[in-house]
Every structure is written in C-alpha cells, then in structure tokens.
Amino acid sequence: MSTLTQSPAWLALDMHQAEMASRSLRTLFSEDPQRFSKFSLQFGDLLLDYSKQPVDETTIQLLLALAEQQKLADWLARMANGEKINFTENRSALHIALRANSPVFTDGVDVTQEVRRVLQQIEHFTEKIHGGMHRGYTGLPITDVVNIGIGGSDLGPVMVTEALRPCHVPQLRVHFVSNIDGAHLSGTLQQLNPATTLFIIASKTFTTQETLTNAHSARKWFLANGGSEQAIAAHFVAVSTNREAVSQFGINPDNMFEFWDWVGGRYSLWSAIGLPIALAVGMENFRSLLAGAQAMDHHFLTAPFEQNLPVMLGLIGIWQINFFHITSQAILPYDQSLHRLPAYLQQLEMESNGKRVNRNGETVDYSTGAVIWGESGTNGQHAFYQLLHQGTQKFTADFLAPCQCQHPLTEHHPMLLANFFAQTEALMRGKTAQEVRTELLNQHLPASEVERLLPHRVFPGNHATTSILFKKLDPATLGKLIALYEHKVFVQGIIWEINSFDQWGVELGKQLAGTILSELISDYPRAQHDASTRGLIDFYRAQQ
C-alpha cells in the first residue's frame, strides 16, 4: 500500500465515503434547503455549482485537509516561483507567465520580457495580415490561414477559434490540419488559392513527424500550383525554436515565432502557438483571452482554498475518482461554440495526469484520472444520455453554459438552458418506482400493464454533476474557463504526487511507428514483431 492511501487525510475520506454513499443526492437536497448556497462558488460572472456532488460540510473539510497534507499551497508557490517542478525534464511549468502582468522568474531570469517580445511580434504580424501589408506572391492580400500542427499545437487553437467564431475578422478564414491522414490536408487544400494562403507550421523542434510530413506536402502543393521557392518566405511562417531547420525549409527567420521549454504543448495556446487565434479574432481579443486567464491565475494563487474555484473543482474530482471509483467523466457544454472543448480537455487532463508512478518512481495503487469524453448539448441527449440515465456505467459530468448567447437566434437560448437545467436535475433526482406507478396509473392503464412497464420507466438517479455557468462566452471568459481547468489538473497532480507536465507515454508508439514505416514502404529488413503485428503488416503489403 502506498504512503498516500495510508495517510491520515486519505483514510479519513475513505471512512467518510461509506457514510456519504448511503445518502442519496435527493436526500441531501431534501435535508438542506440551503445546499446550493453552501456548495457553490462565484468568481466574477463565473459560477461553479458542485451542490449536485455527494458532499457535505464534513466532506469539504476532509478534502481541504487532504490538500493541506499534500502541501498544495507549497507546490503552488513552487510553480509560481519558477521552480523546475517538471523534474523528469528538468523544466519549470510556467504557462502562467504567458499571461502574467508582473515578473515571473526561472533560473533568475524574468521570462515575461521574452513573452512580451513575442506578443509584440505576433501583434505586428497580425496587423500586417489584417491591414493587407503582408501580401502573397501575386500581390493579393492573404485570405486564408492554414495552421499545421498536432496535439497542443492544434487542439487549443482549434478550440479557441471555434469558441470565438463571432469575434472572427471577416476578411480571413482560418483552417487547421493535424492528422497525418492525407485526407485532412488534401480536403483543406482543395478550398484554397495558393496565391492568397498563409501556412503556419507549428512545431517546437521542427521535427514532429506528422507536422513536418503535412508541411512538406503543403510546400509541394504550393510549388506545384504557381508558387516559387522565393515566394515560400511570404506564404509560410513557423512557430518553433529550431531556427536552422526553419531556414532550411525556406521560411524567413524573421517570421519564426519562438516559445520556450517551460511551456508544455497542452498549455501553449497562450504563446506563439496562439498565432492562428490572434489572426482569427484580432490582437485585442487575443489579449482579452490572456487577461481572463491571468485573472483566474490571480484567483488561484491568492484565494483561500475553500473559496478557490480550481482547488474545489480539483478536489471534487479527487473525491469522485479515488473514493467513489469513477473512471468516466463527461464534459457537456451547452454551447455549440464549445464543441471542441471535450477534445481539448482530453489532452489537458489525460496527457497531464495519466501516470502510473509517483514522484519517487513508485507504482501508484490509486487512480490518477478519468477517461474524458463528451459532446455539446443538446446533441448528446439524443446520443448517449440514455446510458447516463438508465445504464450501468458509473460516471460524473461537468455541464457548462453561457447565460447569454453570442448569436442572433436568441429565442433558442431558453430552450437550450432548459435542457441543461433539466438534465442535471434528472440525473440527480431520477424517478422512483412509486413515481412511475403513479404516473402510469394517471394515464388509466390497466394494473398489469403498469407493472409490465414500470421497471423500464424507473430512473435510478443519484448521478453526480458539476455545473459551470457564465454570463457570456467572450474572450476573457473563455480565458478564465481554460485556466480553471489547467489549474484543476495541477491540483489533482499534486494530490496524486505525480508529474503533470511530462508525457513520456506518447513516445513508445511513435518510436515503433518509425521502425514499421520503413517496412511498409520498402523491402527494408524486417524487425521482430508479435504474430498479430506481423500479420497486419503482411496483409497491408499484400493489398498494395
């Protein structure tokens, strides 16, 4: 057994869980009419309601005691002070520096000076594109931007540009290509005119296989459709740190936007990786996004833990995952603009905390995360909510929604929010056998028919959800939301005693793919594989 699971705070929560599991959410609400005010928090116009979680005052005190035992406050200070808490890579984790308005140091250097320099470079380039000063090789202005990246170089920018679509500048279309499947790039290029297209190649090392394969294919397309080697400098820019490789590609080094090793990919949308965001929505909106995140950073760093939104969101997740043994978490935004939020949070949470050893390299004997998935409401209601309401799987869910909509069809919004509120209530309350019986008898059905239908109409309920409401999905609010989840991940990683900032688990498959690729495209000497992998490779080759 690990030290953590045998610690006083953990054992106290384990014992308390049995008591809370015996009390349904419906009962908790009937016993305490003030439950919402006790178990909800507000930061500005952002509301976090966790009253539909299986908690009482004792639960919260025990969770806060766990945070104190695990020295969360000390680790928070260590991160903010630029200590190299990403110890397997000997790096700081300073995404907060990307939106800071005061100095942030690592190795004795104030990194915000470099951050401001790159932000000014982004602003200058964005103004040239929007103002028509940066033009294509025929003299026409840029009308389309294609961001080529993968993982953190794609998921964050895609999610944000989709979420802020009402803020898009009208003269520019922004596209994203991530998948090495040629259909993704090919389908995008079919829509474009090379003379008015700008490509952003986003790769820190400029060696990422998927990104560079797509980049070279885009380069060939450009040259085959009227572009020249000299024109590449006007149509390709890079977000990278590898100046030599960028220059060899043909990109003007002046159009290389730098970021730093203390920025993990999944935390990088605030950096030069956010260049397509700035191009899509303009620099003023990009800075508002940063300001919203900075406001949440300040709240996280200064608010008492019992009033701290990221801390409470993280601790509630610990309570569900480790004490109610929940392995599935749905992210359910009731805003179509946030339809890419579940995919973004998949990487943020699962790549950060999907670890099996603690800081000492010891195998853990507790869960370090749930499977993150989801879909926008109300689409999900007509897809997988049946399983949520009457299936056998255990889960928890975050529901998110704006109180005001961004689009002109305002009459739709009350219907959307009615579904949001109804679903969280239905998941909590359910419908008892007696309630179903009364309902069916009121339909004047025969008693035998009532009893036949009754078990199919019962909803067990008692499903925990957290609700996050905000006034409107503007850039600043979106910045707050993203930072809220970033810091939630940090909280949970500290409790679990793991490194949330490395991702070695992505490496093995990439290494094997490099070996197998040579076997697929040539008669290169074959490596040793298991019988299944060997058979799959042979079948593929036989079909070529």
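A cavity is a set of grid points where a 1.4 Å probe fits but cannot get out, and a volume is the space filled by probe spheres set on the points. On that basis, the second largest cavity has a volume of about 70 Å³. The model is predicted, and it holds four cavities of 30 Å³ or more.

**Largest cavity**

- The volume of the largest cavity is about 110 Å³.
- Its lining comprises 14 residues, and those nearest the centre are G317, Q329, T396, D398 and K488.
- Two or more lining residues come from each of helix 14 (309-323), strand 12 (396-404) and helix 20 (475-496).
- Helix 14 makes the greatest contribution to this lining, with five residues.
- In terms of class, the lining is made up of seven polar, five nonpolar and two charged residues.

**Second largest cavity**

- The second largest cavity is lined by W75, I85, F87, R359, F490, G493, I494, I498, N499, S500 and F501.
- Helix 20 gives the most to this lining, namely three residues.
- Seven of the lining residues are nonpolar, three are polar and one is charged.

**Largest pocket**

- The largest pocket has a volume of about 1,000 Å³.
- Among the 40 residues that line the largest pocket, G265, E351, Q503, V506 and K510 lie nearest its centre.
- Helix 9 (209-224), helix 15 (341-353) and helix 21 (507-521) each contribute at least two residues to the lining of this pocket.
- The lining of the largest pocket contains 17 polar, 12 nonpolar and 11 charged residues.

**Second largest pocket**

- By class, 12 residues of the lining are polar, six are nonpolar and three are charged.

- V371 belongs to strand 11, which spans residues 371-374.
- V371 counts as partly exposed because its relative accessibility is 45%, between the limits of 20% and 50%.
- Apart from neighbours within four places in sequence, V371 is in contact with T327, S328, Q329 and M350.
- The C-alpha atoms of V371 and G354 are 9.3 Å apart, and the two residues are separated by 17 residues in sequence.

**Backbone geometry**

- G377 and T378 are joined by a cis peptide bond, with omega about 10 degrees; T378 lies in the loop between strand 11 and helix 16 (385-390).
- N90, a residue other than glycine, has a positive phi near 55 degrees.
- N90 is situated in the loop between helix 5 (72-80) and strand 3 (105-106); N90 is classed as exposed because its relative accessible area is 52%, over the 50% limit.
- E497 also is a residue other than glycine with a positive phi, here near 60 degrees.
- E497 lies in the loop between helix 20 and helix 21; E497 counts as buried because its relative accessibility is 19%, under the 20% limit.

Conventions. Residues numbered from 1 in each chain as written. Predicted model: local features only at pLDDT ≥ 70, side-chain atom pairs only at ≥ 80, totals over all residues. Heavy atoms only, no water. 1 Å grid on protein atoms, 1.4 Å probe; cavity = no way out; pocket = protein on both sides within 12 Å on 5 of 7 lines; lining within 4 Å. Helix = DSSP H or I, 4+ residues; strand = E, 2+ residues; numbered from the N terminus. Nonpolar A, V, L, I, M, F, W, Y, C, P; charged D, E, K, R; others polar. Buried < 20%, exposed > 50% of the residue type's maximum accessible area, 1.4 Å probe, protein only. Contact = heavy atoms within 4.5 Å.
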